Amino acid sequence: MKKIFLLAVLASGLAFGQTKKVVSSDVQWWGYKIAKSESSSHYGTVKVKSGEMVMKGNQLVGGTFVLDMNSINATDLSGEYQQKLNGHLKNGDFFEVEKYPTATFKITGIKKNNDKVYNSLVTGNLTVKGKTNTISFPAKITYANGTVSLASKKFSIDRQKFDVAYKSTMQDVLVKDDMDLQVKVTAK
């Protein structure tokens, strides 16, 4: 009887997948002024608060990541200018972190991508400021020795779809709608 129970537990684990906890992450962002160029941009980081990746055998099949929006940090500036921009990004002009302290990304699908480096196309639901939209991005997914890693290619999202809008008299004339992201997460 014990053997049958153990076999059932093992089989259910294979059928539903195995959850791995995120142990390291690196999320980079880029925002652009009028012309989308390196010289007219700000860039920085945001931390992953928690996350998990779901494996079925040696294939990534799902996952959820929670971003700590209070950790958003412009790394292209320092001192007073960095503090001002960080405060600006956190207030109602952009991410409104007091009301929306986290953002989430839930993987809804992964399929093969023809790119030799970024071998997968990851699709999921991104929720920022209570607004959810489906996004997709190319990623390199590797699995070895019980560790799964996902590293995205730099990709763009339209911040306006998440109500991340610059609320000034110039409105969004100064800031491009597209912002770029690059994500690396590792789970064990």
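Predicted model: local features only at pLDDT ≥ 70, side-chain atom pairs only at ≥ 80, totals over all residues.
Residues are numbered from 1 along each chain as its sequence is written, and side-chain values use heavy atoms, with hydrogens and water left out.

The structure holds four salt bridges, a salt bridge being a side-chain nitrogen of Lys or Arg within 4 Å of a carboxyl oxygen of Asp or Glu. One of them joins E96 to K129, with the closest N and O atoms 3.4 Å apart. This pair links distant parts of the chain, since E96 lies in the loop between α2 (79-90) and β4 (102-112), while K129 lies in the loop between β5 (120-128) and β6 (131-144), 33 residues apart. Helices (H or I, at least four residues) and strands (E, at least two) are DSSP runs, numbered from the N terminus. E96 is partly exposed, with a relative accessible area of 25%, whereas K129 is buried, at 4%; here buried means under 20% relative accessible area, exposed over 50%, and partly exposed in between, with a 1.4 Å probe and protein chains only.

A salt bridge is also formed by K153 and D115, whose closest N and O atoms are 3.9 Å apart. Distant parts of the chain are linked by this pair, with K153 in the loop between β7 (147-152) and β8 (155-158) and D115 in the loop between β4 and β5, 38 residues apart. K153 is partly exposed, with a relative accessible area of 35%, and D115 is partly exposed, at 29%.

In a further salt bridge, the side chains of R159 and D177 meet at 3.7 Å, N to O. Because R159 lies in the loop between β8 and β9 and D177 in strand β9, the pair ties together parts that are 18 residues apart in sequence. R159 counts as buried, at 4% relative accessibility, while D177 is partly exposed, with a relative accessible area of 33%.

Strand β9 (residues 175-187) also holds T186, which is buried, with a relative accessible area of 19%. The side chains of T186 and S149 are joined by a polar contact of 3.3 Å, a polar contact being a pair of N or O atoms within 3.5 Å, where, within protein, one must be able to donate a hydrogen and the other to accept it, and residues adjacent in sequence count only if both atoms are side-chain atoms. Leaving aside neighbours within four places in sequence, T186 is in contact (heavy atoms within 4.5 Å) with K21, V22, V23, S24, M53, T147, V148 and S149.
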